[in-house]
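Please look over the chain shown below before reading on.

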Amino acid sequence: MASTGRLRADALRPLLVALDAGLDRAERLGVDPVELPRRHADPDDQEVAALVAVSLAYGRADVFKPLVAEMLSRMGPSPARFADAFARAPGPQAFAGLHYRFNRPPDLAALVAAIGWVRNAHGSLGARFGELYRGASGLRPALASLASELRDAPPVAPILRAARRPRRGLRHLLPDPGGPGASKRWNLYLRWMIRGPDAVDLGTWARHGVPRSALVVPLDTHVHRVARCLGLTRRRDASWSTAEEITRGLALVDPQDPVRFDFALCHLGMSGGCPARRDPVACAACPLAEACKAGTRAAARLPGAGSRRVKGRRARNA
Ligand code: SF4
């Protein structure tokens, strides 16, 4: 994207707008974890429910979403009030029976107690993140500090010790953004909290002074694949550097809001609209095809593809 970046961004912008506009948002929200914190109206409940949901948002959404829903239901009508009280007096059986891949009930108890502890100490997670961001040299160090404060919150060690549970489960829920990975879940959390409020993102932290322009794309396998198709990166590693490179390309499309199209890009992949194995039929129907070399080649192999593209272009220009 570097040499011809701006020109390509100008060409890509209307295609992304069309992709976003054509999304069945209600249907896609039904399979997206953000749907769970969106059930709460109170900003405190949103930030707590969102961190619980995003921490467990690994693997298949149809498997982890019911577990998160059950966990939040055990936290009652106000997840924030529950977490704040739980940090002072954790109940060892609060999440008994809730197992998900790398995580066990004591990990979930430690997560909730850590959230409550940081909130009790600083007023809210958003207030604390805003302070850390203002004192740090960027988003990533601020995020790393928040993750570290949560992992080392005083109630965590007694909970894990009593359950004889090693710390690696909690580290999986609250990974270190300073590590080699793209920290997809942390960047997704920030997107939810800092963008919006709109039909997808919550915008709960908009008042804490972290600009949308600082956000980094939450890099998952779907976004990575589509970004490579669009020439936003050539990198194959799902690293923070790759996420930053893609974000720089998307910032040419919208400098104030580089992750504006993340939901649409992710759900293009999740829905099978851009399958991992090239599918000429999917490419012919894809709103991004004109900006995608792979898609253009695949669609050109379809009988009658040329006339379909011309018709599509005419319809868009009409
Ligand atoms: S044109 Fe095809 S390969 Fe390119 S983004 Fe769309 S579906 Fe994916």
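A salt bridge here is a side-chain nitrogen of Lys or Arg within 4 Å of a carboxyl oxygen of Asp or Glu, and by that criterion the structure holds 22 salt bridges. This is a predicted model, in which local features need pLDDT of at least 70 and side-chain atom pairs count only at pLDDT 80 or more, while totals for chains, interfaces and linings use all residues. Residues are numbered from 1 along each chain as its sequence is written, and side-chain values use heavy atoms, with hydrogens and water left out.

One of the salt bridges joins Arg13 to Asp10, with the closest N and O atoms 3.2 Å apart; the two residues are 3 residues apart in helix H1 (residues 5-21), and so are separated by about one helical turn. Helices are DSSP runs (H or I, at least four residues), numbered from the N terminus. In helix H4, Glu70 and Arg74 are 4 residues apart, again about one helical turn, and their salt bridge has its closest N and O atoms 2.8 Å apart. Glu70 is partly exposed at 31% relative accessibility, where partly exposed lies between buried (under 20% relative accessible area) and exposed (over 50%), with a 1.4 Å probe and protein chains only.

A further salt bridge, at 3.1 Å from N to O, is formed by the side chains of Arg195 and Asp198. Arg195 counts as buried because its relative accessibility is 8%, whereas Asp198, at 32%, counts as partly exposed. Both residues belong to a network of salt bridges that also links Arg191, Asp201, Arg212, Asp257 and Asp262.

Turning to the rings, those of Phe, Tyr and Trp (its six-membered ring) pair if their centres lie within 6.5 Å, and planes under 30 degrees apart count as stacked, over 60 as edge-to-face and the rest as tilted. The structure holds 10 aromatic pairs. Phe64 lies in helix H4 (residues 61-74) and Tyr100 in the loop between helix H5 (79-88) and helix H6 (105-122), so the pair ties together parts that are 36 residues apart in sequence. Phe64 is buried at 4% relative accessible area, and Tyr100 is buried at 5%.

Trp186 and Tyr189 also form an edge-to-face pair, at 6.3 Å and 65°, and both lie in helix H11 (residues 184-194).
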